[in-house]
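Please look at the sequence and the model below, and take a moment to turn the model around before reading on.

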Amino acid sequence: MSESFLRSAITEALPDLPEVSKDILQETLQSLGIETHDDFQFVKEEDLLSALRPIQARKLVAAWSLKCQAQESASSSLTASPGPYPSVMCQSPISTSSSSSGQSPQGSFPDSFVIPWRKFPEDLTQALERGKRPGPSLRKEMVRIVVREMMKVTTSLCKRNAVDVARKLVAKYPKSLQDVIEGDIIGTGYYSLVKQIQNRIENVKRPTTPKIKRRTHDSDTDEIPPEKRAAIQDTYGCIRWHVKFLPLGETADSQQQKKDELKNLFSQNEQCPGPVKMLMKSTFYTQRQEVNQGKDVKYLLENWPYWFCEIGMAVHFNELTGVDLKETFLKNMEQKGERLLHFMKTVAVNKSKRFYQAATKLQMMRGEHPGYTHATEMVLLLLAYFDEKEDVMFHYVEDTCLAGEVDMNSVPLTPTIVVCGQSCYSSGRMMLSVDQVIVNENISSFISALCMMFGSYYCFNIHYPSTLASTLEFLQRCFFSINPEKGTKVEQTKTKRLHVNPRVLTLIQDLSDHEWRAI
């Protein structure tokens with residue numbers, strides 16, 4: 001039976017069911033072995049409780065039972081002797097029910113696992129039903145109860161089982177459990193819950209687990225072969241990384257003419273954005289071809305000078321990712337910046353002595369320069385919070401330093417903001433370095449420099465350095481609204497990378513809890 005057939009049967013019986021719940025229900029029915037219309041009569045309410053609420057499950061079973069009875073009545077009226085077959089088909093086989101709800105064979109975990117909703121404490125149930133986020137203690141208690149029931153089925157649990165259970169929990173109560181910050185869903189929306197369930201499983205199993213135990217090769221973090229990982233890091237977050245065809249009406253010659261026209265406009269210091277935007281957009285095909293062929297930054301800077309200006313990079317970034325670079329950041333900064341800063345200054349400072357000292361130092365530097373932007377403080381606090389290296393994102397030079405005077409050997413290869421001055425708070429001019437080449441020597445604002453630094457990672461196929469992995473991914477997901485469910489932009493290291501950085505998930509979860517407590 002095709003999946004579309006199952007989908008239509010679900011939609012016919014429960015038309016108002018959310019799409020994500022239909023997906024889960026469809027998977028559950030497939031795992032039960034539903035292959036024909038006649039199989040629906042064998043489905044029992046308890047078979048569906050892993051995907052539906054009790055009332056929804058009863059409605060579905062009742063609808064399918066009525067349909068089966070109607071079909072049976074129609075077929076019996078056309079048959080002279082009904083025979084024993086219809087009466088056998090109408091019975092609900094006990095063996096099917098017992099196999100779905102009983103102990104699973106060792107090493108397997110049934111897709112029909114039932115979330116123990118009735119065992120949740122009253123406070124948790126009330127919060128979930130009212131669409132409120134449960135506090136950290138209630139959330140931990142929920143995870144403990146769920147894992148305890150999972151371990152009763154089988155002790156051989158893997159990440160896939162945690163993902164399935166987390167997805168079902170979030171599908172039923174998205175307002176209470178989904179990974180969101182100011183309304184934006186982070187990744188799949190349930191990775192933080194997966195992480196908590198996995199950690200709890202490991203804690204429960206620890207006393208019986210040998211001290212030396214290597215991760216099996218089929219782990220989810222190994223599902224991408226190393227030889228393919230670089231390409232996935234390059235294409236991560238992009239919707240038009242490789243453009244196969246020239247725009248209609250364009251030829252190689254016309255692309256070259258427009259390329260030359262852009263160079264002429266730049267040499268004439270053209271300030272009108274209209275022609276530049278139009279030409280950058282119409283030559284996007286050639287830009288992608290050249291960067292994907294491995295042309296170095298010096299070549300790209302010489303042939304596409306506007307690409308390294310704020311206006312040109314914004315056009316390319318938008319075509320590449322579908323995101324407005326600076327506009328998206330400013331919008332998210334307005335919506336989330338103040339909440340993040342409040343959390344950092346009131347909650348995070350009390351959790352770590354190291355972060356408290358770093359935040360105090362930043363506060364003293366900020367006080368000397370009252371004209372700073374909140375974005376400056378936010379990025380510096382994020383670096384301190386994740387304990388990541390500021391000198392990999394910022395390189396400080398004298399405020400009168402010119403591009404040719406910068407010691408490029410001391411500047412990282414990755415996109416770096418060269419700050420002309422003693423601090424980001426006091427600097428009135430910044431530069432951008434990519435591959436140890438100054439590509440823009442006069443950026444007047446911190447936000448413009450930050451957006452161009454971030455955009456360079458995507459425009460020029462550069463991976464996040466592991467020393468900035470958490471800060472860049474948090475900015476990517478929460479302030480630039482790039483939220484892939486799979487893959488990673490972080491450079492390849494010996495450390496296995498999950499699809500969503502666990503440290504980023506933890507901060508997002510803490511922010512969500514802080515947001516609800518602040519309301």
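A crossing of two helices is called left-handed if the near helix is turned anticlockwise from the far one by less than a right angle, and right-handed if it is turned clockwise. The crossing of H8 and H9 is right-handed. Helices here are DSSP runs of H or I with at least four residues, and strands are runs of E with at least two, both numbered from the N terminus. This is a predicted model, in which local features need a pLDDT of at least 70 and side-chain atom pairs count only at pLDDT 80 or more, while totals for chains, interfaces and linings use all residues. Residues are numbered from 1 along each chain as its sequence is written, and side-chain values use heavy atoms, with hydrogens and water left out.

Helix H8 (residues 136-153) and helix H9 (residues 159-172) have axes that come within 12 Å and cross at roughly 130°, where axes are lines fitted to C-alpha atoms over the stretch in contact and angles run from 0 to 180 degrees between N-to-C directions. That makes H8 oblique to H9, because angles under 35 degrees count as roughly parallel, over 145 as roughly antiparallel, 65 to 115 as roughly perpendicular and the rest as oblique. In this pair, Met142, Val146 and Met150 of H8 meet Asn161, Ala162, Val165 and Leu169 of H9, a contact being heavy atoms within 4.5 Å.

A second pair is formed by helix H14 (residues 273-282) and helix H17 (residues 310-321), which pack at an angle of about 40° with their axes 9 Å apart. H14 is therefore oblique to H17, and the crossing of H14 and H17 is right-handed. Pro273, Val276, Lys277, Met280 and Lys281 in H14 meet Ile311, Gly312, Val315 and Glu319 in H17.

Leaving aside residues up to four places away in sequence, valine 397 touches Val406, Val418, Val419, Cys420 and Gly421.

For the protein as a whole, the secondary structure comes to 24 helices and 6 strands, and 49% of its 519 residues count as buried.

How values were computed. Buried means under 20% relative accessible area, exposed over 50%, partly exposed in between (1.4 Å probe, protein chains only).
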